[in-house]
Each structure stands twice: as C-alpha cells, then as structure tokens.
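Thanks, everyone. Let me walk you through one structure, starting with a pair of helices. Please look at the screen.

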Amino acid sequence: MVKSLIFWKSRLRIAILFTIVIWILILLLPRVLSLTGIPKPDDSSFTEQIQDNPAALISILLKVWTTVAFGEEVLGRVFLIDRFEALFKGIPWNTQLAVVLASILFGLAHAYQGLSGIILTATIGLIVGILYLYQKRSIWTNVVVHGMVDTVAMMLLFFGVKFL
C-alpha cells in the first residue's frame, strides 16, 4: 500500500511537470508560428460552446476525462506506437520512428484547428509519446497530463481568457 502511494505520488509530480511544459508550449509555439505567417489555432468552436455556460463546461470536462484523455492516449500512444513499431520491426530506431509518426497523426487529427493547431498538437503528441515510453508504456500518467491540459484549456475558455 505505501509503495503504491509513493508510486502514484511520483507519477503525479511527473504529470504536473509535463502539464506545465505543454502549457508553456501552448502559450509560445502559436506565437512563434504566427511570426512566420501561420495563423494561430482556431479554438472558436469550444469558446462558443462553453463560455459562461456552466452546464456545457461540466459536460465537456466529463468528456475530456472519460473519452478524450483516455481514448486519445490509448489510440494515439498505445495503439499507434505499437502498430508502427511492428510495421518497422528490424529497422534501427523503429520506436523513435513510431513515436514521430504517431505524433504526426495526432496532429493531423486536430486539423480543424488549422495548420498551427496541427503543428502544436503534433509537438504535444511527441512530448507525451516520450512520456509514454519513459513511463514504461503505462498510459496513466499520459491520461492525467492530457486531462489536466484540456481541463485548464476549457476553464480558460469558460472564463473568456484568450490563450492562443
């Protein structure tokens, strides 16, 4: 029991660290990309749904924690990385290639946010792909990071804070 608590305390620290790193990326990368003429990601669909709407916020947060965080981590990390590794078996660096390809697909799945959104989420996918490998292929820390990142985003949108 004590060992289990220490284990989760360590994972929570890692999750908080990665959440902070990802939020620094979310705040900086779109601004850097905009200097090259790439427009910032479009978050208007979420803003319109939840700004000043507590019922919508609660509904989206429930989806974030049950479907989005868990589902995207299972598909984006566990399934895709494992499949790409199997596809490139015998090739040097097949794990690294698998993480990069899974990250690109993760970014493309967010194409509704525009080119900047694709680049941002692909970069986030790379970071959480590395976290997945670092955590010995356990998705639970990833799910917590994903949930915390999305929760902060939804809370900011609810209160009308423009962060992109």
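Start with helix H3, residues 54-87, and helix H6, residues 140-158. They pack at an angle of about 150°, and their axes lie 9 Å apart. This is a predicted model, so keep that in mind throughout.

How do H3 and H6 run relative to each other, roughly parallel or roughly antiparallel? The cut-off for roughly antiparallel is over 145 degrees. H3 and H6 are therefore roughly antiparallel. Their crossing is right-handed.

Now, who makes the contact? On the H3 side, the residues include Pro54, Leu57, Ile60, Leu61, Val64 and Trp65. Further along H3, Glu72, Glu73 and Arg77 are also among them. From H6, the list includes Trp140, Val143, Val144, His146, Gly147 and Met148. Asp150, Met154, Met155 and Phe158 of H6 take part too. By class, that contact has 16 nonpolar, four polar and four charged residues.

Step back to the whole protein. How many helices and strands are there? Six helices, zero strands. From the N terminus on, the order reads α-α-α-α-α-α. The radius of gyration is 17 Å, close to the 15 Å from the globule rule for 164 residues, so the protein is as compact as a globular protein of that length. Along its principal axes, the C-alpha trace spans about 50 × 45 × 25 Å.

Last, confidence. The mean pLDDT is 92, and 96% of the residues reach 70 or more. Where is confidence lowest? In helix H2, residues 44-50, with a mean of 80. Helix H4, residues 94-108, has the highest, at 97. Where pLDDT is low, the predicted coordinates should not be read in detail.

How values were computed: Residues numbered from 1 in each chain as written. Predicted model: local features only at pLDDT ≥ 70, side-chain atom pairs only at ≥ 80, totals over all residues. Heavy atoms only, no water. Axes fitted to C-alpha atoms, helices over the stretch in contact; angles between N-to-C directions. Helix = DSSP H or I, 4+ residues; strand = E, 2+ residues; numbered from the N terminus. Parallel < 35°, antiparallel > 145°, perpendicular 65-115°, else oblique. Left-handed = near helix turned anticlockwise from the far one by under 90°. Contact = heavy atoms within 4.5 Å. Nonpolar A, V, L, I, M, F, W, Y, C, P; charged D, E, K, R; others polar. pLDDT = per-residue confidence, 0-100. Rg over C-alpha atoms; globule rule 2.2 N^0.38 Å.
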